[in-house]
Amino acid sequence: MSDSTAGQRPGDYDEAHGGPDEVPAESAAAGPDSGRHRVIGTPPPARAHSLLGDAGGQPPARPRELPSDPDDLPGARRAERIVVACFLIAMLAGLGFLASYFIFNVHTVSNVLYSNLALGSTLGLAFLAMAVGAVIWVRRLMPDVELTEARKPLRSAPEDRAAFAETFAEGADASQFVKRPMLRRTLIAATVPVAVAPIVLLRDLGPLPGTKLDHTVWRKGLKLLNYGANTPIRPGDFSSPGGMITVVPDGYQDNFDALAKAAVIIIKFAPGQVDYTSEDHPVPGKVVRNWSVDNIVAYSKICTHVGCPAALYEQTTHHILCPCHQSTFDATRGAKVIFGPATRPLPQLPMTVDAQGYLVARSDFTEPVGPSFWERGPST
Amino acid sequence: MSPTTVRRRPLAGYAVVLLGLVAAGLSYAAITDGGDASAASHSVAGQAQVAEGRAIFLQECASCHGLFGQGVSGIAPDLIGVGAAAVDFQVSTGRMPAKEPEAEMPRRPVMLTRQQIRALAAYIESLGGGPGIPSKAAVAPYGANYGLGQQLFTADCAQCHNFQGAGGALTYGKYAPPLTKSTPVQIFEAMLTGPEAMPVFNNTTITPQQKRDIIAYIVQTRSEPNPGGFSLGRVGPVTEGLVVFLGLLLFMVLAALWITAKHRKAHE
């Protein structure tokens, strides 16, 4: 192929790549010359004037570009010794790695620690010493000369392109792909189900969530338990303004799947602090009075941004802060978002007191808790 | 404006009692319009102590909190009814008397003696009652239920103070302080009184016994062994990762500089 490049100086290819005919030439020359100084991976000494190959077997026609020896010979000898030392260290560390693999058994936790330490440090030392040696070699022994290499244009020659088009058309014709439409169509039909199969397999990602995201386990009459102690709460006990505690639905205190959505914080305010609406449904920026008891307000603990537990309540500013992305909610104004990436307030849990005077839920949340999703519904 | 708004005590030095009652009554009446008169229950013994506390208050606190502890809007809170526990917490941790109002008062060396703190606490308590200072025995962590303490701490404290009590940031420069130096009495007082931005956990919501369990957990975490690595204040893997990341980044930059540095030798 390289012979067909018209309008291109042949030397441009051959200087850079050697050329396809180099291999037989080299193997022929390697026979008599493979004597004492032959190093694996380098051209035979007779041809070693340039690592970049020669001009297609012709005698060298240009002066050498790279110096054969470093300028500073004593310095080079010192550098050589350092590099050799680095490589020896790398070899010993590598042997140490192999040895540690067999020496340390891993039957107990503490032995695993020692084994990891030994394996990691020997392997790390081996790589580090090799890298340091290689860098010193390059910096102190190899020449520092800038060379410019000619590069072949990426576009193929016009003859090659024409030949390819011809070959392609010939092949298409000879394969009968165009002439026999039944063959072609049945082949396409055969691939369609296989192509659709991966899409169908997406079904195994699980059932659709349905309405599960819309509900929590809270329901009418369920007691609010002080989480941890798991005791019900009377408004008279949770009586100090500035108070805040985490509460969970009675019966679900150990059900983490349920708590992932149902965790709630209740906050006690001083009279007059809360911005109420007396209506029985949420109004943005307002707390629903009928859902609160004696200035105690309950909010979902699950941040409406991405669902972190938002419970960093500051009793001086009445801010509820989410620690993950600093969404900040104003607890006196229906947990309205006042800062951060959350886009809607923390849902308020409707509360009342039962016959024994304990705080209970009036119902489930009236809107989905946690991060928003497309089908979340019209509530704001 | 008469001392009849204050419950009389029959015994003790009459003049001193009268003086204390007049001071307390005047200050209370000055900031409330009558109201119910059950404040100022003097559980801390001695009106002399109240008088001493009043003197300390005027010298150390009144410039911000007002002559009668009524507070100054936007600068210093009202101290009526905060109780002896709040005074003991703020002053024994060195947060008060403060040099200047800040977003969050830092823990500092204590400015007053123990006796002065008690006197100041007695004075503030005389203004409007409030929670008292717990005894050391009442908050001792020995024999408490660490497990319950951990559950309660995780539910209600860890969101701000970190699960190991290392503290954390809040909004607008405020922060939840680390609990590594707090004494059991101070932790108890903080829960009871809710200093600064901290919510209040009164004794009917989190019982004194449950508070003791929480204190026991906090104290217990201080002696937990570190399973390898530097603790870095036990603030979790993020900081450790950051330190490793920055350290390795610096190392790699230096290595890259070394690898690509110009040779010193000259050819030709």
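The following legends describe close-up views of a predicted model.

**Figure 1. Overall make-up of chain B.** Chain B contains 11 helices and two strands. Read from the N terminus, its elements follow the order α-α-α-α-α-α-α-α-β-β-α-α-α. Chain B has 268 residues, of which 41% count as buried. Among contacts in chain B with a separation of 6 or more, 70% are made by residues 24 or more positions apart.

**Figure 2. Crossing of helix 7 and helix 10 in chain B.** Helix 7 of chain B (residues 146-156) and helix 10 of chain B (residues 208-222) have axes that come within 7 Å and cross at roughly 90 degrees. Because angles of 65 to 115 degrees count as roughly perpendicular, helix 7 of chain B is described as roughly perpendicular to helix 10 of chain B. On the side of helix 7 of chain B, the contact is formed by Tyr146(B), Leu148(B), Gly149(B), Gln150(B), Leu152(B) and Phe153(B). Their counterparts in helix 10 of chain B are Gln210(B), Asp213(B), Ile214(B), Ala216(B), Tyr217(B), Ile218(B) and Gln220(B). By class, the contact between helix 7 and helix 10 of chain B comprises eight nonpolar, four polar and one charged residues.

**Figure 3. The side of chain B that touches chain A.** In this view, 26 residues of chain B are in contact with 31 residues of chain A. Helix 7 and helix 8 (158-161) of chain B each supply at least two residues of the side of chain B that touches chain A. Helix 7 of chain B provides the largest share of that side, five residues. The residues on the side of chain B that touches chain A comprise 11 nonpolar, 11 polar and four charged.

**Figure 4. Strand 4 of chain A and its burial.** Five of the five residues of strand 4 of chain A (residues 264-268) are buried, so this strand is largely enclosed by the rest of the structure. In a regular strand, side chains alternate between the two faces of the sheet. In strand 4 of chain A, Val264(A), Ile266(A) and Lys268(A) point one way, whereas Ile265(A) and Ile267(A) point the other way. All of these residues are buried, Lys268(A) included.

**Figure 5. Pairing partners of strand 4 in chain A.** Strand 3 of chain A (residues 244-249) pairs with strand 4 of chain A in the antiparallel sense over four bridges. Within this view, Val247(A) stands opposite Val264(A) in strand 4 of chain A. Strand 4 of chain A also pairs with strand 7 of chain A (residues 296-300), again in the antiparallel sense, over five bridges. Here Lys268(A) stands opposite Ile296(A) in strand 7 of chain A.

How values were computed. Residues are numbered from 1 along each chain as its sequence is written. Chains are lettered from A and ligands numbered from 1 in the order in which they are written. This is a predicted model: local features need pLDDT of at least 70, side-chain atom pairs count only at pLDDT 80 or more; totals for chains, interfaces and linings use all residues. Axes are lines fitted to C-alpha atoms, for helices over the stretch in contact, and angles run from 0 to 180 degrees between N-to-C directions. Angles under 35 degrees count as roughly parallel, over 145 as roughly antiparallel, 65 to 115 as roughly perpendicular and the rest as oblique. Two residues are in contact if their C-beta atoms, placed from the backbone, lie within 7 Å. Ala, Val, Leu, Ile, Met, Phe, Trp, Tyr, Cys and Pro count as nonpolar, Asp, Glu, Lys and Arg as charged, and the others, Gly among them, as polar. A residue is buried if 20 or more other C-beta atoms lie within 10 Å of its own, exposed if 12 or fewer, and partly exposed in between; C-beta atoms are placed from the backbone. Two strands pair if DSSP finds at least two bridges between them.
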